[in-house]
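Here are some notes for a colleague who is opening this model for the first time. Please read them with the structure on screen.

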Amino acid sequence: MINLAAIVLMLLGLYALLTTKHIIKMVVGLNVFEVGLNLFVITIGFNKDGIAPILTGSNSIKDFVDPLPQAIVLTAIVIGFGITAVALMVARKIHEQYGTYDINEIGGK
Amino acid sequence: MKKVLALLLLATLAFMTITLVVDNNLLPDFGETKVENSVSDTYIKQNAMGENQDIKFGETKNLEIGSANAITGIVAGYRSFDTLGEVTVLFISALGVSLMIGTTDSWMKRSQSGFILRVGSKAILPILMIVGVYIITHGHLSPGGGFQGGAMIASAMLLLSLSDHEFMPKIKAFKMLEGLSGTIYILIGLVGMILMGHFLQNIDQTGTIGELFSAGLIPVVYLFIGLKVGSELTGIISDFMKKEANI
């Protein structure tokens, strides 16, 4: 039931994103959301008796788990890194301009 | 009030997602996934072009992709065009970070780094670089690949810049390396298109599965992806170490 746990993790990240006022904490919430999503996509390809989809001298291709979700998650991780980098830079620019990370204190200036 | 609304939204979302996952036939039950009859089956058996062949490690020759690691076979083989887009996304985010900091040559002042960091980084750095290059070049045989090895090389650069404050301002070659390796990736694809008819198609036979020099274009493409990702991540790190230009 790891897939349901991954959904809970996703919702936890979304809750942090919706309720917090601190920009860095929002970025952390975005990352938690992304980790939950990646975990959920990986569980779609999971097989109880499966092994990692890498052929060596001592296994055969019949036992492999589904490699496609893992390949897609590899793409998603890299894109998540790009989003985090840009978001942290935006947070830094906001802090340089307003001297605060709180979104309530920014408004009205 | 806002928290109540957020909780209500999340409860609706949780209800919808969990019903979608638990009782319907769209997604397989947890741990019951069958690879047969799905598109991944052709990726594992490497018969997307119709040639069926038994795959034995170290014996089978001239498969379609020829990569022992099925994930690398998908990422840099069957879906290599998708990976080109992914590298472009990473490039755009590096460009965004670079544009937001502006063209400045002033760097943040930091206190002198400690003795253990300075000496320890010199001991760890060669090992990090060698493992990074190993992960890149063995991407089609073992877990790893261009993105993972590139991140490792960038972490070696981060360690070096933490111990030596003069390092990042001195190094200018990473921007050039990034553009060069991205261009070579596209050129490899265009060569495949001109000679064989499809973008990023293998030009030569793919060799014996499980050998280091096998899998056609995958090690070449992954080498340039590794260089590009490593230099891009180093560029992002050095942008974060700069001070903002006074406007």
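Which residues are buried in α6(B)?

1. In α6(B), the buried residues are B:G146, B:F147, B:G149, B:G150, B:I153, B:A154, B:A156, B:M157, B:L159, B:S161 and B:S163, where buried means under 20% relative accessible area, exposed means over 50% and partly exposed lies in between, with a 1.4 Å probe and protein chains only. Helices (H or I, at least four residues) and strands (E, at least two) are DSSP runs, numbered from the N terminus. The cover over the buried residues of α6(B) includes α3 of chain A, together with α4 (80–101), α5 (115–137), α7 (167–170), α8 and α9 of chain B, contact being heavy atoms within 4.5 Å.

2. A word on conventions: this is a predicted model, in which local features need pLDDT of at least 70 and side-chain atom pairs count only at pLDDT 80 or more, while totals for chains, interfaces and linings use all residues. Residues are numbered from 1 along each chain as its sequence is written, chains are lettered from A and ligands numbered from 1 in the order in which they are written, and side-chain values use heavy atoms, with hydrogens and water left out.

3. Helix α6 of chain B covers residues 146–163, and its 18 residues should span 26 Å at 1.5 Å a residue, which agrees with the 26 Å between its end C-alpha atoms; the expected span is 1.5 Å times one less than the number of residues. B:G146 belongs to this helix and is buried, with a relative accessible area of 0%.

4. Between the chains, α3(A) and α4(B) pack with their axes 9 Å apart and at an angle of about 10°, the axes being lines fitted to C-alpha atoms, for helices over the stretch in contact, and the angles running from 0 to 180 degrees between N-to-C directions. That makes α3(A) roughly parallel to α4(B), since angles under 35 degrees count as roughly parallel, over 145 as roughly antiparallel, 65 to 115 as roughly perpendicular and the rest as oblique. Among the residues of α3(A) that meet α4(B) are A:L74, A:V78 and A:F81, and the residues they face include B:V89, B:L90 and B:V97. By class, this contact of α3(A) with α4(B) has 13 nonpolar, three polar and four charged residues, where Ala, Val, Leu, Ile, Met, Phe, Trp, Tyr, Cys and Pro count as nonpolar, Asp, Glu, Lys and Arg as charged, and the others, Gly among them, as polar.

5. A further pair joins α1 (residues 2–19) of chain A to α1 (residues 2–22) of chain B, whose axes come within 10 Å and cross at roughly 160°. That makes α1(A) roughly antiparallel to α1(B). Among the residues making the contact are A:I7, A:L11 and A:L14 of α1(A) and B:L10, B:L13 and B:I18 of α1(B), and by class the contact has 15 nonpolar, three polar and two charged residues.

6. Helix α2 of chain A (residues 23–44) has 22 residues and reaches 32 Å from its first C-alpha to its last, close to the 32 Å expected at 1.5 Å a residue. Its buried residues, including A:V27, A:E34 and A:F40, pack against α1, α3 (67–98) and α4 (103–106) of chain A together with α1 of chain B.

7. Two further buried positions lie in chain B. B:V75, found in helix α3 (residues 70–78) of chain B, is buried with a relative accessible area of 4%, and, not counting residues up to four places away in sequence, B:V75 touches A:A71, A:L74, B:S80, B:T83 and B:Y222. B:E232, placed in helix α9 (residues 218–240) of chain B, counts as buried at 1% relative accessibility.

8. By contrast, B:Q205 counts as exposed at 55% relative accessibility, and this residue lies in the loop between α8 (173–196) and α9 of chain B.
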